[in-house]
Amino acid sequence: MLGVDIKQDDFERWGGLALISAIFMVATGATFSSLGVLLPSMIAEFEWSWTQGGAGFTVVGLFTGLGPTPLELGDHRRQQNAERRKRRASRHHENGANER
């Protein structure tokens with residue numbers, strides 16, 4: 001329409017990104033919603049101050065926000081697999097050269 005060639009593969013990639021993002025948002029939202037409901041009873045049961053309970057909530061928030069996203073984990077996994085394949089190929093090549 002505008003001279004842009006959009007392929008089916010592009011739709012699948014963006015659809016996968018949207019699905020993973022939606023799952024991540026729901027999981028994060030559910031975690032923080034439940035923590036907000038449970039925090040008062042946790043504070044009472046463990047005899048924490050509200051400052052201690054709030055600090056714990058803040059730490060959970062920081063680690064959630066600063067942690068890797070599913071896409072970053074996927075990229076890391078692909079890189080590890082590529083490195084493993086390269087090592088196997090070089091060992092296979094070395095073993096083949098030694099046998100000759």
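Author: Helices are DSSP runs of H or I with at least four residues, strands are runs of E with at least two, and both are numbered from the N terminus. On that basis the protein chain has three helices and zero strands. The model is predicted, so local features need pLDDT of at least 70, side-chain atom pairs count only at pLDDT 80 or more, and totals for chains, interfaces and linings use all residues. Residues are numbered from 1 along each chain as its sequence is written, and side-chain values use heavy atoms, with hydrogens and water left out.

Reader: Why are α1 and α2 called roughly antiparallel?

Author: Helix α1 (residues 8-46) and helix α2 (residues 50-66) pack at an angle of about 165 degrees. Angles over 145 degrees count as roughly antiparallel, and α1 and α2 are therefore roughly antiparallel to each other.

Reader: Which residues of α1 and α2 meet?

Author: Among them are Phe-32, Leu-35 and Leu-39 in α1, and Trp-50, Phe-57 and Val-60 in α2; contact means heavy atoms within 4.5 Å. By class, this contact has eight nonpolar, five polar and no charged residues. Gly counts as polar, and Asp, Glu, Lys and Arg count as charged.

Reader: What makes Glu-47 exposed?

Author: Exposed means over 50% relative accessible area, buried under 20%, and partly exposed in between, with a 1.4 Å probe and protein chains only. Glu-47 has a relative accessible area of 70% and is therefore exposed. Glu-47 lies in the loop between α1 and α2 and has a positive phi of about 55 degrees, although it is not a glycine.

Notes:
Axes are lines fitted to C-alpha atoms, for helices over the stretch in contact, and angles run from 0 to 180 degrees between N-to-C directions. Angles under 35 degrees count as roughly parallel, over 145 as roughly antiparallel, 65 to 115 as roughly perpendicular and the rest as oblique.
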